[in-house]
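Please have a look at it on the screen before I go on.

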Amino acid sequence: MNENVRLTAWVRGRVQGVGFRWWTRATALEIGGLAGYAGNLGDGRVQVVAEGAFDQCERLLEWLRHGDTPGRVDGVTEIWGVTRGGYEGFEIR
């Protein structure tokens, strides 16, 4: 399945102030073909929005859940949707 999709994931745990957003951006760039961002939320979570081929987004989600991330990931909640566009590459917010 190589249809383009939008992944929105909320990552819980000790994920702010530990380089988690930088790591997420580096991982997205390593996977390639993804556009979007990783940004801190006021409640301590990090929100990750990625658009690209389904298999690439799925790979990023798997890394968010089980990769060697900075800090500590306690859980990830995600939703899938249609692409909206408007992103130039993958950025940190």
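Let me begin with a term: by a nonpolar core I mean a set of buried Ala, Val, Leu, Ile, Met, Phe, Trp, Tyr and Cys residues joined through side-chain atoms within 4.5 Å, where buried stands for under 20% relative accessible area. What we are looking at is a predicted model, and its largest nonpolar core has 21 residues, of which V11, F20, L34, V48, L60, L64 and F90 touch the most other members. Strand 1, helix 1, strand 3 and helix 2 each supply at least two residues of this core, and the largest share, five residues, comes from helix 2. If we take V48 and set aside its neighbours within four places in sequence, its contacts include V11, L60, L64 and F90, and also Y37 and T24.

Turning to the sheet, we find five strands in the order 4-1-3-2-5, forming an open sheet with mixed pairing. Strand 4, residues 72–81, and strand 5, residues 90–92, are at the edges and have a single partner strand each, so one side of each is left without a neighbour in the sheet. Strand 1, residues 4–14, runs antiparallel to strand 4 and is joined to it by nine bridges, and within that pairing W10 has T77 as its bridge partner.

As for the helices, helix 1, residues 20–31, packs on the sheet and touches strands 1, 2, 3, 4 and 5, its direction making about 175° with that of strand 5. Helix 2, residues 54–66, lies across strand 1, strand 3 and strand 4, and runs at about 155° to strand 3.

Terms used:
Residues are numbered from 1 along each chain as its sequence is written. This is a predicted model: local features need pLDDT of at least 70, side-chain atom pairs count only at pLDDT 80 or more; totals for chains, interfaces and linings use all residues. Side-chain values use heavy atoms; hydrogens and water are left out. Two strands pair if DSSP finds at least two bridges between them. Helices (H or I, at least four residues) and strands (E, at least two) are DSSP runs, numbered from the N terminus. Contact means heavy atoms within 4.5 Å. Axes are lines fitted to C-alpha atoms, for helices over the stretch in contact, and angles run from 0 to 180 degrees between N-to-C directions. Buried means under 20% relative accessible area, exposed over 50%, partly exposed in between (1.4 Å probe, protein chains only).
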